[in-house]
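Hi,

Here is the structure I promised to pass on.

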Amino acid sequence: MNVKVLGAANEVGRSGFLVDCNGTNLLLDYGVLFGRRGTPPQYPLHVKPKDLDAIIITHAHLDHSGNVPSLFVSGNTEVYATPPTFDLSKLLIEDMLKIEKNSHPFDLPELNNMMKNAKEIGFKQKITKGNATFELRESGHVIGGSTVLVESEGKRLFYTGDIKTNGSRMLREMDLDVGEIDMLITESTYAMTEQKPRKESETELIEFANEVMDRKGILFIPSFSVERSQEIACILRNANFKHRIIMDGMALKVNEIMFRHPEYLRDPKVFSDAIKGATAITDHAERKRAMNEPCVVISPAGMLVGGNAVFYLQHLAFDDKNGIALVSYQGEGTPGKKLLETGTVSSRGKDINVTAQVKQFEFSGHADRNELFDMIKKIKGNPKVLTVHGDSESCDLFAREIHEKFGLEAHSPAVNEEIPV
């Protein structure tokens, strides 16, 4: 068994790993890395579709799924993922193509071709291809999100994709009962960061929401459409929050997908109660009317890049009764990061000071440093470890620390590097 690193080496984005099981080629993820505004997207190294025996998508986020349609310009390889992953991938890739017209090497016909070749599989369902078998396990990261276990000729590889070992209010914890393995490919996104316990973040968010309601304001929570928007709705519902909760934007389509796959949720009733108890906004008139009384508005985009977030920001940011709760990761160069660092937003080409109260809360969908080390401690066998999907400092230091703590051979690989299992 041999692994070729196609992307996500010393970077977060464009994940892609080609596993050659003595002639049977499995592609694990094939994502996109979005450049700063004005720079083109980047992709994993090219692979020829005809050389692939199967493509496996761990989860729907575009840095893992977004470039899979490029393999269907001329090819017809089978693609494997859980049902929610296919539903969400289609939604997110369509949205990407709509926003970034003509900037990708594929379009809707290739996406449709990908979906024609989709093979839906559940967790722990063993699939055999040539002289390899693989199966998906729960990752705790997003609905339908999975890790991949590959087996061939006595060797076993475990690829984490993205993980949240403890799960969340929405999702069960990660499944680590994978037996002895010979290679671990692990994400390193927050390998250098200790996150605040989820319960603390939840308590702080609820307190902030109540403070804003007490002063008759509106709390705007710009939030990722997939998972984060729904989790925030569940947290408020669980706290018996008395005011109206409004949901807007692509999160509504994600809600529909999640209702179709209740078996992938930790507690479908909690989810159902929270979403049914919220008010869905479907047009601009409703959007304007919604803000006539104190309420919480949950709407994409999480980093305030486009979407309905721009409308809400313009309406709510300049009144000190209101609040803005940032619950998603804020990437460099994004309006969300700018708001946090400078207290300003751009409007009609000018930077304007925000008077609404702005707070950031930690609700990461990724495992932090402690969770990652805890996962490695529970892994059986004496695997080689590849640290990927983090910036170069995180990947390098994490590999070094894994070696020091556990005595395992650990390494932060480069793009195009090949590593035998």
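In helix 4 (residues 198–214), Arg198, Glu202, Leu205, Ile206 and Ala209 meet Glu231, Ile232, Ile235 and Leu236 of helix 5. Contact here means heavy atoms within 4.5 Å, and helices (H or I, at least four residues) and strands (E, at least two) are DSSP runs, numbered from the N terminus. The two helices pack at an angle of about 75°, with their axes 10 Å apart. That makes helix 4 roughly perpendicular to helix 5. For the wording: angles under 35 degrees count as roughly parallel, over 145 as roughly antiparallel, 65 to 115 as roughly perpendicular and the rest as oblique. The axes are lines fitted to C-alpha atoms, for helices over the stretch in contact, and the angles run from 0 to 180 degrees between N-to-C directions.

Before you go further: this is a predicted model, where local features need pLDDT of at least 70 and side-chain atom pairs count only at pLDDT 80 or more, while totals for chains, interfaces and linings use all residues. Residues are numbered from 1 along each chain as its sequence is written, and side-chain values use heavy atoms, with hydrogens and water left out.

From helix 11, Arg369, Leu372, Phe373, Ile376 and Lys377 meet Phe398, Glu401, Ile402, Lys405 and Phe406 in helix 12.

The largest nonpolar core has 65 residues, and Leu27, Leu219, Ile221, Ile232 and Ile298 touch the most other members. Helix 2 (residues 83–99) gives the most to this core, with seven residues. Apart from it lies another core, of 28 residues, including Met1, Val19, Ile121 and Val421. A nonpolar core is a set of buried Ala, Val, Leu, Ile, Met, Phe, Trp, Tyr and Cys residues joined through side-chain atoms within 4.5 Å; buried means under 20% relative accessible area, exposed over 50%, partly exposed in between (1.4 Å probe, protein chains only).

Leaving aside neighbours within four places in sequence, the contacts of Ile298 include Ile221, Ile232, Leu236, Ile245 and Met247. In helix 9 (residues 309–316), Ala309, Phe311, Tyr312, Leu313 and Leu316 are buried. Among the elements they pack against are strand 12 (219–222), strand 13 (244–247), helix 8 (284–290) and strand 15 (295–299).

The loop between strand 15 and helix 9 is worth a look on screen. Ala301 is in this loop, and the peptide bond from Pro300 to Ala301 is cis, with omega near 10°. Leu304 sits in the loop between strand 15 and helix 9 too, and has a positive phi of about 65° although it is not a glycine. Is Leu304 buried or exposed? Leu304 counts as buried, because its relative accessibility is 4%.

Asn240, in the loop between helix 5 (228–238) and strand 13, has a positive phi of about 55° and is not a glycine either. Asn240 counts as exposed, at 53% relative accessibility.

Last, Asp175 lies in the loop between strand 10 (155–159) and strand 11 (183–187). Asp175 is buried, with a relative accessible area of 16%. Its side chain reaches the backbone nitrogen of Asp177 at 3.0 Å. Beyond its neighbours within four places in sequence, Asp175 is in contact with Lys124, Arg137, Glu138 and Phe158.

Cheers

Note on methods:
Polar contact = N/O pair within 3.5 Å; in protein donor to acceptor, adjacent residues only side chain to side chain.
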